[in-house]
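This report describes selected local features of one protein model. Please look over the sequence and the structure before reading on.

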Amino acid sequence: MAYEQLGHFLERLRLENELVEIDVPVSPDLEITEICDRTVKTKGPALLFNHPVGSDIPVVINAFGSEKRMAWALGAESLDDIAQRIRDLIQTAPPKNWRERLALLPKLLELASYAPKRASKCRCQEIIETDNPSLEGLPILRCWPQDGGPYITLPQVFTRHPRTGIANVGMYRLQKFDDRTLGMHWQIHKVGAEHEREAIRKGEERMPVAVVLGGDPALMYAASAPLPPQIDEILFAGFLRRKGIEMTRCRTIDMEVPANAEIVLEGYVVPGEARIEGPFGDHTGYYSLADQYPVFHLTAVTRARDAIYPTIVVGKPPMEDAYLGKATERIFLPMLQMTVPEIVDINLPPETLFHSLVLVSIRKAYPGHARKVAHALWGLGQMAFSKTIIVFDEDVNVHDPLEVAWRYANNVAPKRDIDFVMGPVDVLDNSSEFPRYGSKMVIDATKTWPDEGFDREWPPDVAMDPKVVERIDRLWPELGLDQDR
């Protein structure tokens, strides 16, 4: 299902009793965060604040705050359905003859329909402020008491490579400095930062940037997804929603944005200009400390007449971003398997911040295979930030914490099975030896083979005879053990 705008997705949530509307005036200054935090922690509904204090624009939060709502946001009933679509796409064999070419034609036509399109109507520009644009009327949240200011936390940040002209959509928080400037937190490893570095190399005075809020939730998610550089976020969102995104040109900068967005902030970054941004209560559960980041200068505010302001709060997990991360884990598994085919499954637990602990199961084929897989993962995009990778045999359910703990406890000899390396780490990692650079660990929790130096018999798992299990399954209803006591 393609949602043409955010409100259509919210209507789906209403119909499913997954949205609660709050008419009591509530402040964007800390109060919405406290309400949302309690709701997320109890696996509650999406929240629509109709009367945020200081603004006439409603605020929606926790829209992605369950695996079910996350799947619905991407037009599916389950995240694994999307993963299977990707798996089917990348496993398509090249046609060998004209019959196979004809058979492939419907799929090619479908793919072509995912490309962005020129909009006939422009919802995001129903109201236009260019003479004296201001952020004053936006209900931007101050999330936590020690935050450096109010923050836009769920943006789609549109930039363009100064040399190639290729556009990118990223998700970088923005701190409101005043009514005309924002702190742009694109970290050193992000594409936006690379675009700025290229603009500095070219000597450009301004770098156009558009900050988009809302639109189809598929694009909101795509902005957060760790896509390979060669995959366009707009096209990927079109694939998710099975329909191309309608785009329109900005009013004050040379940039195209989704026509059905709620709000668009047009502006620019002066390459090399920086200002102190932060602190910010981050997804690690700690405050990320203040540091120098680029400054976004506002040139226009455009929006829909009935705009809704989408936002998200991060903090001590689990929070709403857990489900965005889980979507990435499931959707991108086929892409990982295309590069590292021995991977069976992967788990990025939100409780360990996704990148701090990676649990992976593999079809082990040779000595040292677990270490090979870990190093392969460290070489893939944002998987480079994985701090600890634990590798298990293919029969281990990496999503079962009890089984993971049991296998780890029984299979790992620390001196033999743990290796340390140095490499890039997440900017938000407060424990690393150096900023953006520190130690990582791979733990081989697979059964150790004789070729790996284990010269004793590896004991078998304790398990019941399958014939006995089958007989007791048949007998179970007669035992009276399922009755309420």
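The model is predicted, so local features need pLDDT of at least 70 and side-chain atom pairs count only at pLDDT 80 or more, while totals for chains, interfaces and linings use all residues. Residues are numbered from 1 along each chain as its sequence is written, and side-chain values use heavy atoms, with hydrogens and water left out.

**Aromatic pairs**

A pair of aromatic rings is described by the distance of the centres and the angle of the planes. Rings of Phe, Tyr and Trp (its six-membered ring) pair if their centres lie within 6.5 Å; planes under 30 degrees apart count as stacked, over 60 as edge-to-face and the rest as tilted.

| Pair | Centre to centre | Angle of planes | Type |
|---|---|---|---|
| Phe9 and Phe64 | 6.4 Å | 20° | stacked |
| Phe236 and Phe239 | 6.5 Å | 20° | stacked |

Phe9 lies in helix α1 and Phe64 in the loop between β3 and α3, so this pair ties together parts that are 55 residues apart in sequence. Helices (H or I, at least four residues) and strands (E, at least two) are DSSP runs, numbered from the N terminus. Both Phe9 and Phe64 are buried. Buried means under 20% relative accessible area, exposed over 50%, partly exposed in between (1.4 Å probe, protein chains only).

Phe236 and Phe239 are both in helix α8 (residues 233–241), 3 residues apart, or about one turn of the helix. Phe236 is buried at 5% relative accessible area, and Phe239 is buried at 8%. Ring pairs link Phe236 and Phe239 with Tyr114 and Phe332 into a cluster.

**Helix α4**

The buried residues of α4 are Leu79, Ile82, Ala83, Arg85 and Ile86. These residues lie on the same side of α4, because they cover an arc of only 155° around the axis. The arc is that of the directions from the helix axis to the C-beta atoms.

**His355**

His355 is in the loop between β21 and β22. It counts as buried because its relative accessibility is 15%. Its side chain makes a polar contact with that of His283 at 3.4 Å. A polar contact is a pair of N or O atoms within 3.5 Å; within protein, one must be able to donate a hydrogen and the other to accept it, and residues adjacent in sequence count only if both atoms are side-chain atoms.

An open sheet of 3 strands has the order β4-β12-β13, with mixed pairing. Two strands pair if DSSP finds at least two bridges between them. Strands β12 and β13 are antiparallel, with 3 bridges.
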